[in-house]
Amino acid sequence: MADDPYPPCPPPDPNPARPSLRAPRGAVDCHAHVFGPASRYPYSPARGYTPPDASLASYLAVLDALGIERAVLTQPSVYGTDNAAMLDAMAQQPQRLRGVAALGADVTDGELADLDARGVRGVRVNLADKGGNPFASMADVRRFCERLKPLRWHLELLIHVSEFAGLKDTFSAFPVDIVVGHLGYMKSPDSVDHPGFREFLDLVRGGNCWVKLTGSYRITGADAPPYRDVAPVARALIAANPDRMIWGTDWPHPFHYRGMPNDAYLLDQLLDWADQAAIEKILVTNPAELFGF
């Protein structure tokens, strides 16, 4: 849209390659989004970017090319707490898809139960991108999460772990498990020695913190693959607790203006980060437990 004041995002690579990694049966892409059309699913005026249209059909074609059977759609910040686009997509593939919604404290218990029946398994609070956080404080988030315990849902956070003071104290005894996106969202290559990252590793070792091995292209210092500086970060997290690692494409890679990664490369990174036993956990066992596939 010519009069759109928000930065338009480039589209994803339309031709996903065949990965070298042969995904095991039951593999899950744990982080992707669907967008548009804007005429049907209008974007929030509080957003920080304008994504390209990214249909469910286009995304399923990516999954098929990668050999991935299942997926989790994650509510993007551009829709605020209007989850309609995600929920409508999930309804088309109820056996194949789960969801992580964005909700405010005003959601009713009946609405939570309905979302659970429709395949939602967690709530996302995005503290990194404009429009992604409907809560006034982390204390409010904690109180809200008490309501998620009976559903066995988790809280997904997009935070910069290097900038979050008291990370371990805040989340080690949270009412529900937490999931941290984009490998902690730190800028490589100095991440592994950063005190905030070391605290993050301690939190992961505790067992109630999961990590999405996503968005390597967001934290690298490189403009194009290979993202060698991200490997030490990923390996350190996997070594800390392989039972709490999950993986995702982050398709269609919104709010990214450098070289667009091919999704096959993002899957093949696991071959460099983990052994076969850990890859099985990351792609199959762990997401099955977290999302109830």
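Guide: Throughout this conversation, a residue is called buried if its relative accessible area is under 20%, exposed if over 50%, and partly exposed in between. The model under discussion is a predicted one.

Visitor: Is Arg 235 buried, partly exposed or exposed?
Guide: The relative accessible area of Arg 235 is 39%.

Visitor: With which residue does the side chain of Arg 235 meet in a salt bridge?
Guide: The partner lies 2.9 Å away, N to O, and is Asp 272. This pair links distant parts of the chain, with Arg 235 in helix H8 (residues 231-240) and Asp 272 in helix H9 (residues 263-273), 37 residues apart.

Visitor: How many salt bridges does the count come to?
Guide: A pair is counted if a side-chain nitrogen of Lys or Arg lies within 4 Å of a carboxyl oxygen of Asp or Glu. By this rule the number of salt bridges is 14.

Visitor: How many residues apart are Arg 143 and Asp 140?
Guide: These two residues form a salt bridge, with 2.1 Å between the closest N and O atoms. Arg 143 is exposed because its relative accessibility is 53%, whereas Asp 140, at 24%, is partly exposed. Both belong to helix H4 (residues 138-146), where about one turn of the helix separates them, a spacing in residues of 3.

Visitor: In which helix are Asp 202 and Arg 205 separated by about one helical turn?
Guide: Asp 202 and Arg 205 form a salt bridge whose closest N and O atoms are 2.7 Å apart. Asp 202 has a relative accessibility of 35% and is partly exposed, and Arg 205 is partly exposed at 44%. The two are about one turn apart because they lie 3 residues from each other in helix H6 (residues 195-205).

Visitor: Which residues are linked with Arg 124 in a network of salt bridges?
Guide: Beyond the pairs described above, there is a network of salt bridges that includes Arg 124. The residues linked with Arg 124 there are Glu 156 and Lys 212.

Visitor: How many residues of strand E5 are buried?
Guide: E5 spans residues 154-158 and is mostly covered. His 154, Glu 156 and Leu 158 point one way from E5, while Leu 155 and Leu 157 point the other way, and all are buried. The number of buried residues in E5 is 5 of 5.

Visitor: In E6, which residue is the bridge partner of Leu 157?
Guide: E5 is joined in parallel to strand E4 (residues 120-126) by 5 bridges, and Gly 122 has His 154 as its partner in E5. E5 is also joined in parallel to strand E6 (residues 178-180), by 3 bridges. There, the partner of Leu 157 is Val 180.

Visitor: At what angle do H9 and helix H10 pack?
Guide: Two packed helices are described by the angle between their axes and by the distance between those axes. For H9 and H10 (residues 276-291), the axes are 9 Å apart and the angle is about 140 degrees.

Visitor: How many nonpolar residues are in the contact of H9 with H10?
Guide: H9 passes H10 in a right-handed crossing. Leu 267, Leu 270 and Leu 271 in H9 meet Ile 279, Ile 282 and Leu 283 in H10. No polar and no charged residues take part in this contact, and the number of nonpolar residues is 6.

Visitor: Which residue does a cis peptide bond join to Gly 36?
Guide: The bond has an omega of about 0 degrees.

Visitor: Is Asp 250 buried or exposed?
Guide: Asp 250 has a positive phi of about 65 degrees although it is not a glycine, and it is found in the loop between strand E8 (245-247) and H9. Arg 152 also has a positive phi, of about 60 degrees, and counts as exposed at 76% relative accessibility. Asp 250 has a relative accessible area of 1% and is therefore buried.

Definitions and conventions: Residues are numbered from 1 along each chain as its sequence is written. This is a predicted model: local features need pLDDT of at least 70, side-chain atom pairs count only at pLDDT 80 or more; totals for chains, interfaces and linings use all residues. Side-chain values use heavy atoms; hydrogens and water are left out. Helices (H or I, at least four residues) and strands (E, at least two) are DSSP runs, numbered from the N terminus. Buried means under 20% relative accessible area, exposed over 50%, partly exposed in between (1.4 Å probe, protein chains only). Axes are lines fitted to C-alpha atoms, for helices over the stretch in contact, and angles run from 0 to 180 degrees between N-to-C directions. A crossing is left-handed if the near helix is turned anticlockwise from the far one by less than a right angle, and right-handed if clockwise. Contact means heavy atoms within 4.5 Å. Ala, Val, Leu, Ile, Met, Phe, Trp, Tyr, Cys and Pro count as nonpolar, Asp, Glu, Lys and Arg as charged, and the others, Gly among them, as polar. Two strands pair if DSSP finds at least two bridges between them.
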